Amino acid sequence: MLTVQRECAQAVNRVLEQAKDQQLVRRDLNGVELVTAIGAATRPLPRAFKNQTPQLQERLVQIMLDGFKA
């Protein structure tokens, strides 16, 4: 499991470096931050939040994407 996890992290970092070279994302963004942010943004919201603000998850994803831009 650790080997697969390490290989995935290396692959994410390689793709992220290519995105940085193309000025598609911030230079200071690292793979752990990217994966953690994606996980947080895509995790299902508790029903109470979803009922009160149905577009919240999409908005949070957009905010994160805007923040990742170079």
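User: Which residues form the largest nonpolar core?
Analyst: This is a predicted model, in which local features need pLDDT of at least 70, side-chain atom pairs count only at pLDDT 80 or more, and totals for chains, interfaces and linings use all residues. Residues are numbered from 1 along each chain as its sequence is written, and side-chain values use heavy atoms, without hydrogens and water. A nonpolar core is a set of buried Ala, Val, Leu, Ile, Met, Phe, Trp, Tyr and Cys residues joined through side-chain atoms within 4.5 Å. The largest has seven: Leu-16, Ala-19, Val-25, Leu-29, Leu-34, Ala-37 and Phe-68.

User: Which residues is Leu-29 in contact with, leaving aside its neighbours within four places in sequence?
Analyst: Contact means heavy atoms within 4.5 Å. With those neighbours left aside, the partners of Leu-29 are Leu-16, Lys-20, Leu-34 and Phe-68.

User: Does Lys-20 count as buried or exposed, and at what relative accessibility?
Analyst: Buried means under 20% relative accessible area, exposed over 50% and partly exposed in between (1.4 Å probe, protein chains only). Lys-20 therefore counts as buried, at 8%.

User: At roughly what angle do the axes of α1 and α2 cross?
Analyst: Helices are DSSP runs of H or I with at least four residues, numbered from the N terminus. Axes are lines fitted to C-alpha atoms over the stretch in contact, and angles run from 0 to 180 degrees between N-to-C directions. Angles of 65 to 115 degrees count as roughly perpendicular, and α1 and α2 are therefore roughly perpendicular to each other. Their axes come within 9 Å and cross at roughly 100°.

Conventions: Helices (H or I, at least four residues) and strands (E, at least two) are DSSP runs, numbered from the N terminus. Angles under 35 degrees count as roughly parallel, over 145 as roughly antiparallel, 65 to 115 as roughly perpendicular and the rest as oblique.
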